[in-house]
Amino acid sequence: VPAIPASAVILSAAVAINVVTYYAGAHAMWSSVFVILTELALAFVAVYFTLGQWLTWCNLFLGLLALFHLGYFLPAKLGLIDEYVHAPITGPLADTTMLLFGAAILSFALGCSFSRSRYISKRTIGAPCEPAIAKTVLLCGLLISALSVVCAMIFVMQIGGPAALLHFTYLDFFNMFTIGGNENSRYAMTFLEYYPDGALLVYFGLAALKAPRHLFRIWGVCTVIAVASTLLFGSRGTTILLLLGWAYLRHQMVARLNLKMIGAMAATLIVVIPWVASHRNEHDFDKTSVSEVQLDVLAPFVEMGLTYRCLYATVEVLADGAPPLHGLSYYEAIRRLIPLSGNNDPESFLGTGVWLARIADPADLAHNGTFGSSGIGEPYANFGFPAVVVFFALTGWGFSTLESSFLRQDNMMAGAVVALIVVPMGFFIRGDITAPLRSIVWPWLLLLLLSKRASFAKQLIGGDRGGRQVQITARPVAE
């Protein structure tokens with residue numbers, strides 16, 4: 001029986017304190033900046049001691065949770081920006097909101113720490129991978145990318161051709177995805193949901209096959225063209241998450257990222273996000289130039305951090321006596337698994353964003369179709385506080401087990417599944433499970449269908465055991 005790691009003991013105590021204070025009504029301590037920074041540091045360090053690296057998907061997921069829920073809260077709490085009227089940072093509801101955030105990250109890290117027996121002591125690049133597996137992943141990625149591009153082409157033709165895309169505003173884009181939008185959104189949404197999955201699977205396959213550099217360049221050009229078209233009308237999340245997914249796979253499979261590359265990516269995001277935010281509110285493509293945008297280092301973090309508002313609203317409506325969803329949003333996610341399933345129906349759609357809008361702001365529901373949601377708020381809206389602890393603990397355990405298997409190099413198919421979940425789970429953090437579930441399930445099933453041997457399905461679940469493996473020399477890397 002493996003010994004329980006010290007990180008798991010400390011995190012168990014922290015989660016226990018979180019649970020006790022929730023039911024005791026002593027929520028105020030969790031909105032303290034010191035407590036927030038302490039629990040974040042504890043979570044990141046626990047994941048590091050579990051997986052043996054800092055730049056892991058589990059830590060990236062924790063970072064995204066923090067960015068989307070603290071990007072506004074912490075600057076406002078420190079007095080660096082003004083508090084927004086619709087997103088208070090003080091009071092009992094704000095305290096409960098931060099308590100739920102603490103429960104999520106501590107439970108996630110606790111789940112990760114219980115995979116301690118899978119600790120990775122060997123850190124290498126260039127993992128051994130059976131060529132048949134790599135080729136199957138590559139083929140799956142190419143098929144998903146091709147189908148996504150076809151959907152994008154149909155969408156472009158529906159709005160009037162490529163020239164119309166240059167004048168397609170964020171307002172036009174936003175209206176497509178609201179209740180009462182048009183059928184064009186089916187194809188646009190399918191492209192946005194599945195192209196990142198396909199692109200990252202292709203990159204994974206190329207890296208596993210040690211493909212020539214010119215193939216990586218072709219991949220890069222195609223991906224830049226695809227995501228640039230979404231930036232034209234203001235969809236930035238796809239680009240940001242795809243960049244993170246690429247950085248992670250490159251770091252683990254091709255070459256370690258250095259500080260210069262990390263700094264360049266961060267600087268790009270700080271410049272691009274405000275520019276796109278300014279441009280997308282204009283009605284013509286040429287109205288906003290880069291020189292006209294005022295650079296504010298905090299602006300992108302504050303904007304992304306307003307997911308806090310959605311979690312706060314969830315706490316508020318439940319505190320006011322609104323009935324919980326009791327699993328209805330998860331039922332909705334299963335019901336809408338079919339791709340191209342259309343727009344939100346106000347009579348039948350049960351997502352947490354629409355549920356929030358119906359209660360908190362019916363006018364916003366009529367105009368925008370949804371209030372917005374939070375990955376922490378969804379389990380809370382369905383089954384209350386215990387669901388947050390259980391959901392994120394299981395998610396942490398599952399992510400860590402999957403990723404450790406990939407990093408230990410005994411199951412390269414686990415790496416392909418990690419590549420599949422990077423972008424969808426990033427969207428889940430600031431939404432609900434409906435779209436992410438759909439964009440994980442179908443590509444994963446396609447991987448199964450493309451298998452020509454029964455053992456391949458076993459590898460997806462239980463690791464590479466007994467199969468023929470072609471050893472490729474790995475390069476040790478000092479961290």
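Trainee: Is lysine 210 buried, partly exposed or exposed, and how is that read?
Mentor: Relative accessible area sets the class: buried is under 20%, exposed is over 50%, and partly exposed is in between, with a 1.4 Å probe and protein chains only. At 36%, lysine 210 counts as partly exposed because its value falls in the middle range. This is a predicted model, in which local features need pLDDT of at least 70, side-chain atom pairs count only at pLDDT 80 or more, and totals for chains, interfaces and linings use all residues. Residues are numbered from 1 along each chain as its sequence is written, and side-chain values use heavy atoms, with hydrogens and water left out.

Trainee: Where is lysine 210 found?
Mentor: Helices (H or I, at least four residues) and strands (E, at least two) are DSSP runs, numbered from the N terminus. Lysine 210 belongs to the loop between H9 and helix H10 (213-232). Its phi is positive, about 55°, although the residue is not a glycine.

Trainee: What is the phi of histidine 326?
Mentor: Histidine 326 has a phi near 50°, again a positive value in a residue other than glycine. The loop that holds histidine 326 runs between helix H14 (307-319) and helix H15 (328-335). With a relative accessible area of 58%, histidine 326 is exposed.

Trainee: How many helices and strands does the protein chain come to?
Mentor: The count is 22 helices and two strands. Of the 479 residues in the chain, 54% are buried.

Trainee: Among contacts between residues at least 6 apart in sequence, what percentage join residues at least 24 apart?
Mentor: A contact means heavy atoms within 4.5 Å. In this chain, 78% of the contacts between residues at least 6 apart join residues at least 24 apart.

Trainee: How many aromatic pairs does a search of the whole structure find?
Mentor: A pair of aromatic rings is described by the distance of the centres and the angle of the planes. The cut-offs are these: rings of Phe, Tyr and Trp (its six-membered ring) pair if their centres lie within 6.5 Å, and planes under 30 degrees apart count as stacked, over 60 as edge-to-face and the rest as tilted. The search of this structure finds 21 such pairs. In one of them, tyrosine 22 and tyrosine 23, the planes stand at 90° with the ring centres 5.0 Å apart, so the pair is edge-to-face. Tyrosine 22 counts as buried at 18% relative accessibility, whereas tyrosine 23 counts as exposed at 55%.

Trainee: Which class of pair do phenylalanine 204 and phenylalanine 406 form?
Mentor: That pair is tilted, with 6.1 Å from centre to centre and 45° between the planes. Phenylalanine 204 sits in helix H9 (residues 184-208) and phenylalanine 406 in helix H19 (residues 385-407), so the pair ties together parts that are 202 residues apart in sequence. Phenylalanine 204 is buried, at 0% relative accessible area, and phenylalanine 406 is buried at 3%.

Trainee: Which residues form one aromatic cluster?
Mentor: One cluster consists of Tyr72, Phe73, Tyr84, Tyr308 and Tyr312.

Trainee: At roughly what angle do the axes of helix H3 and H19 cross?
Mentor: Axes are lines fitted to C-alpha atoms, for helices over the stretch in contact, and angles run from 0 to 180 degrees between N-to-C directions. The axes of H3 (residues 57-70) and H19 cross at roughly 145° and come within 9 Å. H3 contributes Trp57, Cys58, Phe61 and Leu65 to the contact, and H19 contributes Phe392, Phe399, Ser400 and Glu403. By class, the contact has six nonpolar, one polar and one charged residues; here Ala, Val, Leu, Ile, Met, Phe, Trp, Tyr, Cys and Pro count as nonpolar, Asp, Glu, Lys and Arg as charged, and the others, Gly among them, as polar.

Trainee: With which side chain does the side chain of arginine 256 make a polar contact?
Mentor: A polar contact is a pair of N or O atoms within 3.5 Å; within protein, one must be able to donate a hydrogen and the other to accept it, and residues adjacent in sequence count only if both atoms are side-chain atoms. The partner of arginine 256 is the side chain of glutamine 252, at 3.3 Å. The arginine 256 side chain also reaches the backbone oxygen of histidine 251 at 2.8 Å. Arginine 256 lies in the loop between H11 and helix H12 (259-280) and counts as buried at 16% relative accessibility. Glutamine 252 is part of helix H11 (residues 237-253) and is buried, at 5%.

Trainee: How many disulfides does the structure hold?
Mentor: A disulfide is a pair of cysteine sulfur atoms within 2.5 Å, and this structure holds zero. Cysteine 151 is buried, at 11%, while cysteine 222 counts as partly exposed, at 42%.
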